[in-house]
Amino acid sequence: MSATADAVVIGGGILGVSTAHFLARLGFGSVVLLEKRTLAAVSTGHSAAAIRTFYSNPLTIRLAIRSAGMFAGAQETFGGSCGFRQSGYLTLLDEDSLDQGRQVAEMERDHGVAVEELPPEALRERFPVVDLERVRAGIFEPRSGYADPLATTRLLASTAEPLGLTVREGVGATGILLEGGRVAGVETDEGPISTPVVVNAAGGWGRVVASWVGLNYSFRWSRECDIVLDVPFETEGFPWLSDPRLRFYARPAGPRRLLAGLGFPKEIEPLDIERYDPEIDEPTRRRIEDLLGRRVPAARDGTFVRGWASFYTITDDWHPLVGPEPEVPGYYACVAGNGHCFKLGPSIGESLAQTIAGQEPEVDLHPLRPNRFIEGDYFTSVWGGGNRA
């Protein structure tokens, strides 16, 4: 391992790898990424990987638009394929969610997003396998879809290696060295690395990394499960489907195959991130299958393929912590995806890298600053509290 680096990124999920990728592209110098497991080993690799712009605040919409363009043009922007599929993103609205959905759609239009409001008759024509009980309208983003989270993360890492990025899988950070209150290095399983810049992108373990420099982040962790089913109908043309009334989502996962999970508004299921079971439990599996079958009746005849459990790392307002900590020069947070940050990762990483390099960021990340809660500056949502931002 190199004993010196111009920047060290701790964590190999989408936020860490994106930041490292763009630092290397900016010519920042020697960038080392440390990942104690493997890239995308936990939350990122288990992401359902929605690529959408359906958000209720301007900052997140701008980040989502920027990232969506990167995913759609991955060959040019990342240097290879990220498995992006433009399935479209459909949110079904009932009487209780109609006004909020329309507010979000109007905000998207204000930012130049192509978005349609479809009445039930148009939804039946386009998506005949979907049951529309109590559905008043659907908000459809035709340019959205989903990607492959593992392929995306590995692509971002591999295409940055010729530009100065060194990825060290299986090597964990164990401490951050300070001199005069400033970042001076990172302790690792294989010895120290001298560096003036460290990025905390340690996901669920970001609170531990922050504690190494005397910071205390308020995080919660919640179990998150998905299943994959073989279904007796063609999934070509099936959209990413989000259903706030039934509280689940589903998307294609290959020919005649769907991925599904529990969606907004969902309960917090606390877990110990050091000791959680990565296998899905039978009651959760059955619950997801039941919800999917209620909205897509033909899926009741589907066959279970696999399922898994992972977790969200959640901040006090369901938005990530991104940016410098003024009291620790050289330290930057890029942590707590809250279930949103696979799709936002490339644009967050790009703008944070630009900030670290002293450049004007593509998107101003100041609203995501880690100390915003101390200042009483919380993000809000038209949906109220919870995981729909």
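Gln354 is in contact (heavy atoms within 4.5 Å) with Leu26, Gln359, Glu360, Pro361 and Glu362, leaving aside its neighbours within four places in sequence. Gln354 sits in helix α9; helices (H or I, at least four residues) and strands (E, at least two) are DSSP runs, numbered from the N terminus. With a relative accessible area of 10%, Gln354 is buried, where buried means under 20% relative accessible area, exposed over 50% and partly exposed in between (1.4 Å probe, protein chains only).

This is a predicted model, in which local features need pLDDT of at least 70 and side-chain atom pairs count only at pLDDT 80 or more, while totals for chains, interfaces and linings use all residues. Residues are numbered from 1 along each chain as its sequence is written, and side-chain values use heavy atoms, with hydrogens and water left out.

**Helix α9 and its partner α1**

- The axes of α1 and α9 come within 7 Å and cross at roughly 40°; axes are lines fitted to C-alpha atoms, for helices over the stretch in contact, and angles run from 0 to 180 degrees between N-to-C directions.
- α1 and α9 are therefore oblique to each other, since angles under 35 degrees count as roughly parallel, over 145 as roughly antiparallel, 65 to 115 as roughly perpendicular and the rest as oblique.

- Helix α2 (residues 58-72) has 15 residues and reaches 21 Å from its first C-alpha to its last, close to the 21 Å expected at 1.5 Å a residue; the expected span is 1.5 Å times one less than the number of residues.
- Buried residues of α2 include Leu59, Ile61, Leu63, Met70 and Phe71, and the buried residues of this helix pack against α1, β3, α3, α4, α6 and α9.
- Helix α8 (residues 282-295) has 14 residues that should span 20 Å, and its end C-alpha atoms are 20 Å apart, which agrees.
- Arg285, Glu289 and Arg295 are among the buried residues of α8; their cover includes β4, β13, β14, β15, β16 and β17.

**Sheets**

- Eight strands form an open sheet with mixed pairing, in the order β5-β6-β4-β14-β15-β16-β13-β17; two strands pair if DSSP finds at least two bridges between them.
- Its edge strands are β5 (116-118) and β17 (303-314), each pairing on one side only.
- Neighbouring strands of this sheet are turned by 20° against each other on average, direction ignored.
- Helix α4 (residues 98-110) packs on this sheet, touching β4, β5 and β6, and its direction makes about 25° with that of β6.
- Strands β4 and β14 run parallel and are joined by three bridges; Thr91 has Ser242 in β14 as its bridge partner.
- A three-stranded open sheet has the order β9-β10-β11 and antiparallel pairing, and in it Gly185 stands opposite Ser194 in β11.

**Two positive phi values**

- Most residues other than glycine have a negative phi.
- Ala49 has a phi near 65°; this residue is found in the loop between β2 and β3 and is buried, with a relative accessible area of 1%.
- Trp318 also has a positive phi, about 65°; its place is in the loop between β17 and β18, and Trp318 is buried at 7% relative accessible area.
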